[in-house]
Amino acid sequence: ASVDATTAAAIGAAGVGGGYWTNIAEVTLGVSSVSAIDITLPTGYDVHKIDIVLPRPSSGVLKTLFQLRNSGGTAQNFAYGVQNLALTNHEANHSTNATDMEITALYGNNAADFNFQSIEILDANSSSIKTKWHMAGHNFGASYWNYFFADLGGGGQLSAATTSSARFYYSGTNFGTATGLYYRIYGHAY
């Protein structure tokens, strides 16, 4: 099962007056354990931004994965790079062509753990311009490394196609209970 943001589009549907971003939706996740969080990218915007507080994994030490998918639900292929920084040390540097984009460093399931990501997606609704994305985030893993991590990354489609949704998930396990955690999606039209 997965959670779809658009089913709650009425929440926060009013735009933010005079600002760059229009607040499309704000969704508080429920208490159920889910395999993925799927967020629909509405049409009518040239840029989307997703701010998300990710639930802890239900077990294990895993990395958060991110996909951009077409209207049929197929993950698209991107060239991307992500750099995870722990304090002043470089923990990882990923660069590949893939559908599953790793966007965080190691992350546990302790109650103190925290994972926030902000991702901007450009030209998702265009079938002729390659979709691009870039992100900055941070997470704190108290139970394993006791480190604060900063995550920076971005990428672009290998072949131009319409992008309809974003998916966040942990490989090999579900998100744990997510009471009170949320995501917001914003849009901007040029």
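**Strand β4 and residue H48**

From β4, the side chains of V47, K49, D51 and V53 point one way and those of H48, I50 and I52 the other way, and all of these residues are buried (buried is under 20% relative accessible area, exposed over 50% and partly exposed in between, with a 1.4 Å probe and protein chains only). In a regular strand the side chains alternate between the two faces of the sheet. The model is predicted, so that local features need pLDDT of at least 70 and side-chain atom pairs count only at pLDDT 80 or more, whereas totals for chains, interfaces and linings use all residues. Residues are numbered from 1 along each chain as its sequence is written, and side-chain values use heavy atoms, with hydrogens and water left out.

Strand β4 covers residues 47-53, and seven of its seven residues are buried. Strands are DSSP runs of E with at least two residues, numbered from the N terminus. Two strands pair if DSSP finds at least two bridges between them. β4 pairs with strand β9 (residues 114-122) in the antiparallel sense over seven bridges, and I50 stands opposite I119 in β9. With strand β13 (residues 182-188), β4 pairs in the antiparallel sense over six bridges; here the bridge partner of I50 is I185.

H48 lies in β4 and has a relative accessible area of 0%, so it is buried. A polar atom of the H48 side chain lies 2.8 Å from the backbone oxygen of P42. Beyond its neighbours within four places in sequence, H48 is in contact (heavy atoms within 4.5 Å) with residues including W21, I24, L41, P42, I119, E120, I185 and Y186.

Methods:
Helix = DSSP H or I, 4+ residues; strand = E, 2+ residues; numbered from the N terminus. Polar contact = N/O pair within 3.5 Å; in protein donor to acceptor, adjacent residues only side chain to side chain.
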